Amino acid sequence: MSILVDRTTRVVVQGITGRDGSFHTQQMIEYGTKIVAGVTPGKGGESVGGVPVFDTMIEAVHHTGANTSVVYVPPRFAVDALYEAADSGIKLVICITEGVPADDMLKVNRYFEVAGVRLVGPNCPGVISPGVCKVGIMPGPIHKRGPVGVVSRSGTLTYEVVHHLTGAGLGQSTCIGIGGDPIIGMRFIDILTLFEHDRQTKAVVLIGEIGGNDEEVAAEYIQRQMTKPVVAFIAGRTAPPGKRMGHAGAIITGSSGTAAEKIAAFRAAGVEVAESPSEIPEIVAAELKGRAVRQKARVVAIPPLASRVAAKKRPTRTISRKPRKSGIAKKARAKSKPKAVPTARRKPAGRTPKRRSKR
Amino acid sequence: MKIHEYQSREIFSSAGIPVPQGRVATTAIEARAIATEIGGTVVIKAQVHVGGRGKAGGVKLARTPAEAEQHATKILGMSIRGLTVRRILVAEAVQIASEAYVGVVVDRALRRPVLIVSAAGGVEIEDVAKRSPEKIVKLPLDPLLSFQPFQARRIAYAIYDTPEVIHQTSDLIARLVNLFWEQDCTLVEINPLVVTPDDRVIAVDAKINFDDNALWRHPDWETLRDPDSELDSEVDARANDLSFVKLEGTIGCVVNGAGLAMATMDLVKRYGAEPANFLDIGGSSNPRKVIAAMRIILKDHSVRAILFNIFGGITRCDDVARGILQAIKELKPTVPIVVRLTGTNEREARRILEDIHLPVAASMDAVVRQAIELAVKAA
């Protein structure tokens, strides 16, 4: 499996007749993505590279069964396109467009929340599950199918990291660019939750940067609730305060949002932080090796309520899997400390295997 | 985008938020004239885009027009945290009974604007937040709900108890929140919000930050931009659609993508040198952009070497290589240049660069190390 996009993904391209929209539609089709429709108001009835174009999203979804939209619409019209997507019955919207006003994104996010629609972006490269489905603008050939989940606020920096991973023989389950704006849809913590529950993903690489505190929130989540290893990289150690570093969201305000703070938060949560992108594969490989032992040790920690609710919807293997060699698991448990979890919520170690054997 | 206090005041005023009488001046003579016109005590305030103006001596009271002229002479041309003061605001000095803080700011974590008020105004709100957080009232605003009178009342009652003052404050806060939405602000702030001894509520300071992404909706913002507050190189970069930030180091960096650009700067530091700039040429591979990038960097005389770090995706490496070729022809740089190009049309790009014997590095780490070595040699 993978997260967000897979074999069942049927894509409608919003802004398909534009320069970027038509170019990337071709690229996505070549990669094997099922592009079932395009939407450009006023161009209904035309076709782009064999893909039927509709005037409205509701028609496109009705006629083609599209379940995911990707938005290449210019900033002026992007917000309207996002609302239209949310209203059409689509469940996942990926917005590539850069330059959407923050005030609009505040409203859009609230609307998506109410409508129960997922949003990735804006100002992002999109989502790719290598070898299966690519929805966005990233170069397909640098990716390779495998066990590493990648989530990032950046575009080309993600390509750089993926390039290193693939070069080291470490394929990816899904790579997600969540976007470089201050107000985005899905954030690190949302993606990490999906990776935690995804069978294919065995380790996660998180690429953050200066600005905001999503990395700090992620660090806390990893410490409390994740069993899978996460390796982090933070860009912008040398960025001066008060200056926007390209991305609208990459700005240190006052003394908050610095790389140092984020790195410290990850290290405090037991997450290894790479010093350079080229170091990442080595750390990931080491984490993957050490993982089997550690994961068994962590199973004793019952996650707090929020993730148990999530786990009910989509049962995770981590909790339900029967340990093959309980002797090793016990030993590991005795050796390595379980991850810090509020003690009140931690069940006695002895109970977990019992529960499992009942199943 | 930041604008000056005197500009923010005008926007406040046209939104119906009371501000003290006053005007901007660029000379001491002008300042004197404005002070005469206002009559009584005036305050002279330096107009620069940094905080801590008062501490730096950029805010002074003047009892007479002559004194106003004296202070203006001193403040104009003074340097506050590296910025030269070219404009001053001359405004009526308001009698103060109490000072409060009112602001609306986008809270990234909550993904909502938050209305923040504090009865402890006139000081840095970050300091109040640290020392006595109980003095701060925060009200997250639902972006899909227009601002309601009860919300304004709730805030007004939290800091005042005189009915007349509460009435005025509620009205002012509602106007401020509407201004925040209408003008695509990322921050609006009044610090201090003053209550006078005769119970008038006045915004004695005014601060507005605009969202750069909404510039297309507000063409009038261009006229508010202060060219003096930006470096020539930054203005040049913006005109060429490049993201550029000048730094203090010696290694010039040309990169595609903001994240990769930051990571490249960090790597320069890691290998023992300092980056001269942040520069993102963006997704397009227009050769003109590459030439503009090189020209801007070459103007900085502390630059000892320039590195290119390009990860081709939408950006085509051969286009960038052609840009580099053309830039070298046009600009004839004397500092060494090292290039790393990976991705779309990489092979063609290498061929182009080999013809002019430009060193091509195999990786990001390699290009950074080579650039530093060459910079050391050149120095």
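**Close-up views of a predicted two-chain model**

**View 1. Chain B as a whole.** Chain B contains 13 helices and 17 strands. The model is predicted. Along the principal axes, the C-alpha atoms of chain B fill a box of roughly 80 × 50 × 40 Å. Chain B has 379 residues, of which 53% count as buried. Among contacts in chain B with a separation of 6 or more, 67% come from residues 24 or more positions apart.

**View 2. The open sheet of chain A.** Seven strands of chain A form an open sheet in the order 3-4-2-1-5-6-7, and the pairing is mixed. Strand 3 (47–48) and strand 7 (118–120) of chain A stand at the edges; each has a single partner strand, so one side of each lacks a neighbour in the sheet. In general, strands of a sheet pair through backbone hydrogen bonds, in either the parallel or the antiparallel sense. Strand 6 and strand 7 of chain A pair in the parallel sense, over 3 bridges. Opposite A:Val93 stands A:Leu119 in strand 7 of chain A.

**View 3. Helices lying across the sheet strands of chain A.** Helix 2 (residues 57–64) of chain A lies across strand 1 (11–14), strand 2 (35–39), strand 4 (51–54) and strand 5 (68–71) of chain A. The angle of helix 2 to strand 2 of chain A is about 160°. Helix 4 (residues 102–115) of chain A lies across strand 6 and strand 7 of chain A, and runs at about 145° to strand 7.

View 4. A:Leu92 is in strand 6 (residues 92–95) of chain A. Its relative accessibility is 5%, and because the cut-off for buried is under 20%, A:Leu92 counts as buried. Neighbours within four places in sequence aside, A:Leu92 is in contact with A:Leu4, A:Val5, A:Asn67, A:Thr68, A:Ser69, A:Val117, A:Arg118 and A:Val120. A:Ile183 is 91 residues from A:Leu92 along the chain, and their C-alpha atoms are separated by 17 Å.

**View 5. The second largest cavity.** Rolling a probe the size of a water molecule over the atoms shows where empty space is left. The structure holds 7 cavities of 30 Å³ or more, and the second largest cavity has a volume of about 80 Å³. The residues that line the second largest cavity are A:Arg153, A:Gly179, A:Asp181, A:Pro182, A:Ile184, A:Arg187, A:Gly211, A:Gly212, A:Asn213, A:Asp214 and B:Arg108. By class, this lining has 5 charged, 4 polar and 2 nonpolar residues.

Terms used
Residues are numbered from 1 along each chain as its sequence is written. Chains are lettered from A and ligands numbered from 1 in the order in which they are written. This is a predicted model: local features need pLDDT of at least 70, side-chain atom pairs count only at pLDDT 80 or more; totals for chains, interfaces and linings use all residues. Side-chain values use heavy atoms; hydrogens and water are left out. Helices (H or I, at least four residues) and strands (E, at least two) are DSSP runs, numbered from the N terminus. Buried means under 20% relative accessible area, exposed over 50%, partly exposed in between (1.4 Å probe, protein chains only). Contact means heavy atoms within 4.5 Å. On a 1 Å grid over the protein atoms alone, a cavity is a set of points where a 1.4 Å probe fits but cannot get out, and a pocket is an open set with protein on both sides within 12 Å along at least five of seven lines; lining residues have an atom within 4 Å of a point. Grid points are joined across faces, edges and corners, and a volume is the space filled by probe spheres set on the points. Ala, Val, Leu, Ile, Met, Phe, Trp, Tyr, Cys and Pro count as nonpolar, Asp, Glu, Lys and Arg as charged, and the others, Gly among them, as polar. Two strands pair if DSSP finds at least two bridges between them. Axes are lines fitted to C-alpha atoms, for helices over the stretch in contact, and angles run from 0 to 180 degrees between N-to-C directions.
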